[in-house]
Amino acid sequence: MFEKFTDRARRVVVLAQEEARALNHHVIGAEHLLVAVLREAESEANSPTAKALSRHGFTPSEAIERIGLAADPDTAATPEFLPFTDGAKAALQASLRESIALGHTAITPDHVLLGIIRSESAHVDSTAAAAITALGLTADELRRPVGPSRLQMAPLVRMAFLHANAEAQRAGSDLVGTEHMLLGLLDADPELAKRVFGALGVDTDEVTAKVRGIVTGTD
């Protein structure tokens with residue numbers, strides 16, 4: 001699963017470990033992951049996490065202070081290897097499910113936060129769940145902006161897809177291939193096609209006829 005983590009998401013895991021060590025805690029829990037996500041958000045003011053916190057009147061550092069994880073007074077040395085609690089494991093697994101559900105190919109810190117919210121919803125008395133409630137964070141406000149923004153298609157691009165679909169149907173194909181897309185682009189923006197192919201000394205009508213012949217098997 002960790003191979004799907006972005007560099008920033010991997011840093012969250014490292015920060016969670018550092019947070020647990022700094023507090024002399026002997027395990028990494030969902031609450032440490034939560035603080036780590038917030039620490040990472042300090043360097044990404046435009047991240048969904050930072051924006052969600054801002055809507056609720058918090059900066060990442062203020063949110064961390066609000067959570068207020070306490071150090072363990074136990075003087076026993078922190079072990080070299082800190083295991084994840086079941087809650088932390090569940091949160092990381094849920095971050096993968098959130099990423100997949102949103103159609104994203106990588107797991108970001110924002111997906112990790114969604115994973116924490118999702119997994120901790122079943123444990124309302126946990127430290128992480130209480131912190132999420134105190135900060136007012138919800139999955140709904142995070143899910144929409146998480147990941148890269150979806151670009152809108154220009155009208156000519158939509159037209160090219162329509163022409164490509166028509167070309168595929170004309171050729172009796174069940175799939176729209178790159179050859180159909182080429183024809184669609186030629187049909188949708190003939191002026192651009194003339195400028196591009198004209199610069200190469202090629203007539204666009206000849207290109208269209210040649211490609212269409214290949215597509216239909218008549219060439």
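Which helices each supply at least two residues of the lining of the largest pocket? Read on through the pocket, and then through the charged pairs of this predicted model.

## The largest pocket

Helix H9 (155-170), helix H10 (178-188) and helix H11 (190-199) are the ones that each give at least two residues to the lining of the largest pocket. The space inside this pocket is about 160 Å³.

Let us look at the residues around it. The lining of the largest pocket includes Leu-156, Val-157 and Ala-160, and also Leu-182, Leu-185, Leu-186 and Ala-188. Asp-189, Leu-192, Ala-193, Val-196 and Phe-197 line the pocket as well. Sorted by class, the lining holds eleven nonpolar residues, one charged residue and no polar ones.

## Salt bridges in the model

Side chains of opposite charge can pair when their charged atoms come close. In this model, the count of salt bridges is eleven. Some of them join up: Arg-8, Arg-11, Glu-40 and Glu-44 are linked in a network of salt bridges.

Arg-39 is partly exposed, because its relative accessibility is 32%.

The partner of Glu-141 is Arg-55, and the N to O distance is 3.5 Å. Arg-55 counts as exposed, at 51% relative accessibility, whereas Glu-141 is buried, with a relative accessible area of 18%.

Helix H8 also holds Arg-143. A salt bridge joins the side chains of Arg-143 and Glu-98, at 3.0 Å from N to O. Glu-98 sits in helix H5 (residues 86-101) and Arg-143 in helix H8, so this pair ties together parts that are 45 residues apart in sequence. With 2% relative accessibility, Glu-98 counts as buried, while Arg-143, at 30%, counts as partly exposed.

Conventions. Residues numbered from 1 in each chain as written. Predicted model: local features only at pLDDT ≥ 70, side-chain atom pairs only at ≥ 80, totals over all residues. Heavy atoms only, no water. Salt bridge = Lys/Arg side-chain N within 4 Å of Asp/Glu carboxyl O. Buried < 20%, exposed > 50% of the residue type's maximum accessible area, 1.4 Å probe, protein only. Helix = DSSP H or I, 4+ residues; strand = E, 2+ residues; numbered from the N terminus. 1 Å grid on protein atoms, 1.4 Å probe; cavity = no way out; pocket = protein on both sides within 12 Å on 5 of 7 lines; lining within 4 Å. Points joined across faces, edges and corners; volume = space filled by probe spheres on them. Nonpolar A, V, L, I, M, F, W, Y, C, P; charged D, E, K, R; others polar.
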